[in-house]
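Student: I would like to learn how to read the features of a folded chain, one at a time. Please take me through them slowly.

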Amino acid sequence: MPFRVIVVGAGVVGLTASHCLQLAGIDHVVLEKRDDVAPAEGASIAIYPHGARILHQIGCLEPVQKASVPCGRWYGRMPDGRKILDNGYFRHLEENHGSGMYLLERREFLSILYDGLPNKSPIKTSSGVRGIRQLAYGVEVTLINGDVEVGDIVIGCDGVYSTVRGFMWDHANKTIPDFITVQEKTSFKTRWKSLIGITPNIPELGERDLTVVSNTGYSFLGLAQPDRVYFFFIVRVDEPFTWPKQKRYTDEDAEILAQKFADHPVSNSLLFGELWKRRIRGGLVNLEEGVLEHWHHDRIVLAGDSAHKVMPNIALGGNSGMESVVVLCNHLERMMKNKETPSSATIDKVFAAYQDERLDRMKQISNLSSFITRIQAWDSLWHRFLGTWVLPLQPDRAMADQMGEIMRGAPKLDFVSTRGFPSGHLLWKDEETKMNQLEKGRGSSMLQRRLPYLLIRLLGATLACVVAWHGVLDLLPWLR
């Protein structure tokens, strides 16, 4: 029998996995417990340039561009609605990478991924998983309806409360006692919760802008498109908790919290309560965060939120999930070039290489996302200090350049061309590596070619410190 992959979960990561596996010519099935691959859940997803490069490779970027208007300005506001930040972040992203940031409803994005599949037959809905058996020759996945799927490996793309991860942990501790410790099992922490939702477009929040309003212990994010606004109102939970605890909220819980903050300004002329009343859909959810130390064991491997979950304030979660499954599929595609059925030892090496490539990067992204959350919610005097005058007084393109160093290190599919994807000022690191190899022996290096640009950024950062020092007196009332 040909090598076969069983993917559990048909969300953003699972559907991206199907695209990648089809392009690699690897047989697979995707199991989704819901009846619909695009349920009316969640709010928005943001596609950064590195995510757009992946979508370009799998043929889904064009419909995303048609469904979204690139984001415009980033506005930061004080608790009274007063604007202290007006930044061209998104324009600078496009200049740096050739693509801006696209924003669309999560459900619409899932539909685009599904509709763009070359072959939809691997996707099976109403296929919840009841059990996984790891055997010497492969895996057996038993579904709730009694059906059994047989394959060589399982990829768990089933979210932060992953069923697959639970089976992996059980099997790991049976074969190697204490391999998965309680410290790792409780590494997903919930410190924040959020009112999330969608409203029709509200003129006070612009047609394609990001608005962030900060206050002590909570923050508001409004992301506008011409026809709607996606919003997050993020607050600290009363008592932080870890997996396996789950707290589910009712519509009444959401309404009570919304009323508590109803008089919170989200612009000079709009209160949160007014926005909440106009919602098309809304709810209250927990915001988990954490990165596991073990992403695989035996023939099970995790990708996306099942292995790494980040805060939404800088919108890197969905892009990171796509990154992970792309890296995993790169390793699987290389493994299958041998034309032989891989052994358990070979599979383990492939999974280990995948984790090694992703772990440090995901810790960096998780730490950054958490840091931005704390700045926007003034989690301490230091975070308040950074949010009220250090960030607003940076040079206009500083934030985009700082993010650019993270984005240009993102992976892509190694076995699919990126031809046709626009380029920007910053080279992707994989392209830079190739160019540096070509430059060897020619007497110049990429560092030499980028030195003037790096010096300009250093001068800009120095200027920001000078400007910030002279501007601090104007903002001292907010630091008391």
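Student: Is Arg91 buried, partly exposed or exposed?

Tutor: Buried means under 20% relative accessible area, exposed means over 50%, and partly exposed is in between (1.4 Å probe, protein chains only). Arg91 has a relative accessible area of 43%, so Arg91 counts as partly exposed. Before we go on, note that this is a predicted model, in which local features need pLDDT of at least 70 and side-chain atom pairs count only at pLDDT 80 or more, while totals for chains, interfaces and linings use all residues. Residues are numbered from 1 along each chain as its sequence is written, and side-chain values use heavy atoms, with hydrogens and water left out.

Student: Which side chain meets that of Arg91 in a salt bridge?

Tutor: A salt bridge here is a side-chain nitrogen of Lys or Arg within 4 Å of a carboxyl oxygen of Asp or Glu. The partner of Arg91 is Asp396, at 3.9 Å from N to O. The two come from distant parts of the chain, 305 residues apart, with Arg91 in helix α4 (residues 89-97) and Asp396 in the loop between α12 (381-390) and α13 (398-407); such helices (H or I, at least four residues) and strands (E, at least two) are DSSP runs, numbered from the N terminus. Asp396, at 31% relative accessibility, is also partly exposed. Both residues belong to a network of salt bridges that links Arg91, Glu95, Asp396, Arg397 and Asp401.

Student: How many salt bridges does this rule give?

Tutor: The count is 29. One of them joins the side chains of Arg279 and Glu255, at 3.5 Å from N to O. Because Arg279 lies in the loop between α9 (272-277) and β16 (281-291) and Glu255 in helix α8 (residues 251-260), this pair ties together parts that are 24 residues apart in sequence. Another salt bridge joins Glu323 and Arg361, at 2.7 Å from N to O. Glu323 is in helix α10 and Arg361 in helix α11 (residues 344-376), so parts 38 residues apart in sequence are tied together. Both Glu323 and Arg361 are buried.

Student: Where should I look for a nonpolar core?

Tutor: In soluble globular proteins, nonpolar side chains tend to be buried together. A nonpolar core is a set of buried Ala, Val, Leu, Ile, Met, Phe, Trp, Tyr and Cys residues joined through side-chain atoms within 4.5 Å. The largest one here has 110 residues, of which Ile47, Leu55, Tyr89, Phe109, Ile155 and Leu332 touch the most other members. Helix α10 (residues 317-336) gives the largest share, 8 residues. Apart from this core lies another, of 23 residues, including Leu205 and Phe272.

Student: Which residues are in contact with Leu332, leaving aside its neighbours within four places in sequence?

Tutor: Contact means heavy atoms within 4.5 Å, and for Leu332 the residues are Leu21, Ile26, Ile153, Ile155, Val350 and Phe351.

Student: How do the axes of α1 and α10 cross?

Tutor: Axes are lines fitted to C-alpha atoms, for helices over the stretch in contact, with angles from 0 to 180 degrees between N-to-C directions. The axes of α1 (residues 12-24) and α10 come within 9 Å and cross at roughly 30°. Among the residues that make the contact are Leu21 of α1 and Leu332 of α10.
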